[in-house]
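Here's a quick briefing on the sheets, the helices packed on them and a few surface spots. Have a look at the model first, then read on.

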Amino acid sequence: MHNNLAKQLIRAEIQALQAYHVQPSNGLVKLDIMENPYDWSAELKAAWLEKLHSASINRYPDAQGQNIKEKLLAQMTLPDSCDVMFGNGSDELIQIIIQSLAVNAGPVMSVSPTFVMFRILAEVTSKEYIDVPLNSDFSLNSVALVQAIERHRPACLFLAYPNNPTGNLFSERDLDQIIAASKGLVIIDEAYLPFAGTTQIDRLNQYSNVLIMRTLSKAGLAGLRFGMLFGDKQWLDEFNKIRLPFNINSLTQISVEFALDNMAFFENNAEKIVAERTRVYDQLCRLSGLQVYPSDANFILFKSIRIPATQLFEGLLERHILIKCVHKPDTMLEQCLRVTIGTEQENNLFLNSIEDLTRGLA
Ligand SMILES: *Cc1c(COP(=O)(O)O)cnc(C)c1O
């Protein structure tokens, strides 16, 4: 009976969704969701716990994250017209942006394949979602995108830079054309900034309809849930009205402040991951039966030519290695898998296993 009541009262588009699935990973080599493999050193942890002692856990957190804001903005130069706001992960920022849009402002747009949360959060808020396929080398199809922008007049366009799950950056020239054609918001999601070595943040000097989104998740703080949105105050002032007042909890705020004082640790880890990415890429390219795509992120996308992707995934799982099977029939991701770069040791376990499996030794 309660089931029936839920069916009556819950919006139909929510009922049609499936909950975000997180694969169980107990005891596995976890190379599935772009986590950073490096936990903090014992020394850093001790210093961090020292800071956490100062938390007044009976009080609500600072509503604006003022301490973090000051520290962060001291480390970078933003135009005067711009500010930053924080989300409980950048996922929450995507949700806030989409939720704020007027009903008839136009659809939410992105490319395909890309990060699934753009679509999911558009659907949850009953917004039309339009995706424009990338070229077969995963570059932007700027002609098709400009046409789609002119035809559909999207309220906002999300571009992940580098893109997930393809791993590549988009060209400046394509971005120029797309931004020039956009009358709505263009949100450039730089979740993989630590591994990309390049940013689009200077676009803020030129365009008041461009926002830059970042996160600490991939840098090694996925457990904190902390995302950042940079852009013109005219947007952020509105978004702040629907942001839940205490969305960044006290422990996260203290931890982020501590992290901002210790950025060298994270930068050093990112360098190690980039070096490992090159090594894993080269090794995968040497295996027959795989097509491997270059990456500017902390993961590598590859296509299985001879063995079905699902079989390769299961074969790795039997060897206690969890990657992500992103295979979707009749799409650009047909027979594709995505592996997150781990420690040298984890990567070797993955490489040895996939070598055996692709050689048919499994
Ligand atoms: C992982 C990822 C995010 C998620 O960031 P959180 O801050 O952990 O919510 C955002 N965008 C892209 C493209 C991602 O791949």
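Strand β3 (residues 108–112) runs parallel to β4, and the two pair over five bridges. Pairing here takes at least two DSSP bridges between two strands; strands (E, at least two residues) and helices (H or I, at least four) are DSSP runs numbered from the N terminus. This is a predicted model, where local features need pLDDT of at least 70 and side-chain atom pairs pLDDT 80 or more, while totals for chains, interfaces and linings use all residues. Numbering starts from 1 along each chain as its sequence is written, and side-chain values use heavy atoms, leaving out hydrogens and water.

- In β4, P133 is the bridge partner of S112.
- α6 packs on the sheet and touches β3, β4, β5 (156–160) and β6 (185–189), with contact meaning heavy atoms within 4.5 Å.
- The direction of α6 makes about 155° with that of β4; axes are lines fitted to C-alpha atoms, for helices over the stretch in contact, and angles between N-to-C directions run from 0 to 180 degrees.
- Helix α7 (residues 142–152) also packs there, touching β3, β4 and β5, and its direction makes about 160° with that of β3.
- The whole thing is an open sheet of seven strands with mixed pairing, in the order β2-β8-β7-β6-β5-β3-β4.
- β2 (82–87) and β4 (129–133) are the edges: each has a single partner strand, so one side of each lacks a neighbour in the sheet.

**The four-stranded sheet**
- Another open sheet goes β9-β10-β13-β12, with antiparallel pairing.
- Its edge strands, β9 (290–292) and β12 (324–325), each pair on one side only.
- β12 pairs with β13 (residues 336–340) in the antiparallel sense over two bridges, and L337 in β13 is the bridge partner of C325.
- Helix α13 (residues 263–286) packs on this sheet, touching β9 and β10 (299–304), and its direction makes about 10° with that of β10.

**On the surface**
- V116 sits in helix α6 (residues 116–124).
- V116 is partly exposed at 44% relative accessible area (buried is under 20%, exposed over 50%, partly exposed in between; 1.4 Å probe, protein chains only).
- S54 lies in the loop between α3 (42–52) and α4 (66–74), and S54 is exposed, with a relative accessible area of 54%.
- S54 and S25 are 29 residues apart in sequence and 34 Å apart in space, C-alpha to C-alpha.
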